[in-house]
Amino acid sequence: MRTILRDIGLFLHIPATMAVISLPVCLIARETYALLPLIICALVSLIIGQLLYRLSKSQDSSRISHAMATAAIGWLLLPLFGSIPILLTANAPNIAPDFSTTMIRFQDPWNAVFEAFSGFTSTGLSMATNYSEIPHTLQWWRSLMQWVGGVGVIVLVISILEPSTEPERLYNAEGRSQRIGLTLNKTIKRIWWIYAIYTAGSILLFRIVGMTWWEALNHGMTGIATGGFSVSANSIGNYGIGVKLAVIAVMTLGAISFSTHYQFLRRHKLSAFWSDDQHRALWILLLGGTLLLWGLNRETLENVSFIDTLFQWSSALGTCGFGTVSVESWEGGAKLLMTLAMLIGGAAGSTAGGIKLSRFVIVVKAIVWRFRRISLLPHEMMRYKVDGKIITESEANRRVEAAAVLTILWLLVVTVGIFILQFIEFPTHDLIDVIFEAVSATSGVGISAGITHPDMPWFGKLTLICLMWMGRLEIISAMLLFSLPIKYLNRLR
């Protein structure tokens with residue numbers, strides 16, 4: 001517990017730093033009513049973080065259970081502290097008389113906490129009814145939460161602080177495994193280098209195609225983080241085709257692994273973007289899924305263009321959450337197809353959520369390998385090939401087992417979420433909408449079928465919060481945290 005509490009103390013330095021960074025935005029926007037909420041957030045986070053860090057003396061720990069518990073608790077606490085500026089700003093006593101109805105909804109603590117969880121998990125589901133009515137300070141705060149959450153809180157902790165738990169185990173506990181350097185520190189530095197380059201490039205691209213600097217800044221941060229928070233009233237729907245194509249490009253870049261970006265940036269190899277199985281699957285799914293979804297929509301909807309279909313499909317598969325049209329009125333087949341895209345998600349080692357393309361590819365290969373084994377002649381040998389390389393049968397079995405276990409756990413969590421949400425009355429929504437919303441939350445997507453709303457019951461908000469949290473941790477760390485009290489009670493007996 002000392003090891004975990006000490007590292008949690010380090011985690012709490014992140015919202016404190018974010019609040020301090022946000023103070024100039026508040027002053028520039030002349031939104032002085034948001035100053036005190038940011039200062040309170042900084043002080044509370046810093047004081048509690050320092051107390052936990054200094055009072056919980058511990059030695060370095062290399063146990064994976066410590067790392068997973070630290071990751072799970074850290075991802076629970078950060079959004080709670082991150083909700084402070086939202087909640088206190090909405091309840092500020094000196095707010096303008098024409099304070100928007102959108103911000104009035106955030107006076108409800110459940111809505112503020114939901115928004116912070118959606119932000120840090122880079123999901124994009126929102127309790128805001130009109131993004132443009134949110135004050136500039138909180139627009140920035142929402143974008144900053146998604147930008148930090150997209151690259152990973154643990155990556156940030158390891159890069160600037162000194163956790164007592166072995167950094168490599170913390171890195172793995174957040175659902176990461178790829179290395180793009182000889183050491184973990186080099187890997188993290190390169191991740192930040194790539195992330196900063198693509199963020200700056202996205203902002204510049206959006207400005208060139210027609211966004212204002214403020215819109216480009218916020219959409220650039222949330223786009224490359226595959227978060228989906230917007231500052232425009234209708235997300236990306238009110239922009240022209242040039243902006244839509246630019247956003248599609250940025251969402252897709254966010255769904256590509258950092259290791260692939262590194263190969264492209266360092267070695268200038270465009271072939272890196274289709275050199276392995278998961279990225280080849282990404283391009284096949286992007287093209288094939290768009291055509292299939294467009295075909296389904298043409299049968300039932302007359303006003304959905306090809307570019308909007310491509311946008312929505314890219315947003316679903318890349319788990320970004322931006323939108324150009326509302327999917328609420330789409331027919332069941334189109335929603336089901338979008339649900340499958342959200343479930344699969346982007347590439348492993350990217351900012352995207354979902355099961356990940358690498359696991360999806362392994363599961364598909366396992367099915368193919370199974371049928372091949374059945375059809376083998378007595379004198380024939382089975383070959384297992386992944387990313388163009390021959391692997392042994394034991395390695396193939398290990399990969400299949402790991403992918404299958406996580407896929408089953410993912411589907412189990414989604415199923416439980418669907419059952420819980422079904423008990424809540426949604427008069428205008430049917431089962432496919434509930435499935436759509438549960439998968440969108442768990443995979444960190446943020447596209448909504450209309451169920452997520454500030455007036456939904458608190459238990460529904462709590463359910464979606466849990467799904468977002470567990471999905472961001474890729475299930476296992478969250479389940480381990482749930483098992484700790486049971487383990488402790490068994491020891492007491």
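## Exercises on a predicted model

Ser257 sits in the loop that joins helix 13 (241–254) to helix 14. Helices here are DSSP runs (H or I, at least four residues), numbered from the N terminus. This is a predicted model, where local features need pLDDT of at least 70, side-chain atom pairs count only at pLDDT 80 or more, and totals for chains, interfaces and linings use all residues. Residues are numbered from 1 along each chain as its sequence is written, and side-chain values use heavy atoms, with hydrogens and water left out.

**Exercise 1.** Decide whether Ser257 is buried or exposed, and find its side-chain partner.

*Solution.* 
- Step 1: apply the cut-offs. Buried means under 20% relative accessible area, exposed over 50%, partly exposed in between (1.4 Å probe, protein chains only).
- Step 2: Ser257 has a relative accessible area of 0%, so it is buried.
- Step 3: its side chain makes a polar contact with the side chain of Thr260, at 2.9 Å. A polar contact is a pair of N or O atoms within 3.5 Å; within protein, one must be able to donate a hydrogen and the other to accept it, and residues adjacent in sequence count only if both atoms are side-chain atoms.

**Exercise 2.** Classify the packing of helix 11 (residues 184–208) against helix 14 (residues 258–267).

*Solution.* 
- Step 1: the angle is about 75°, and the axes are 10 Å apart. Axes are lines fitted to C-alpha atoms, for helices over the stretch in contact; angles run from 0 to 180 degrees between N-to-C directions.
- Step 2: angles of 65 to 115 degrees count as roughly perpendicular. Helix 11 and helix 14 therefore fall in that class.
- Step 3: list the contact (heavy atoms within 4.5 Å). Helix 11 gives Arg190, Ile191, Trp193, Ile194, Tyr195 and Tyr198; helix 14 gives Phe258, His261, Tyr262, Phe264, Leu265 and Arg266.

Conventions: Helices (H or I, at least four residues) and strands (E, at least two) are DSSP runs, numbered from the N terminus. Angles under 35 degrees count as roughly parallel, over 145 as roughly antiparallel, 65 to 115 as roughly perpendicular and the rest as oblique.
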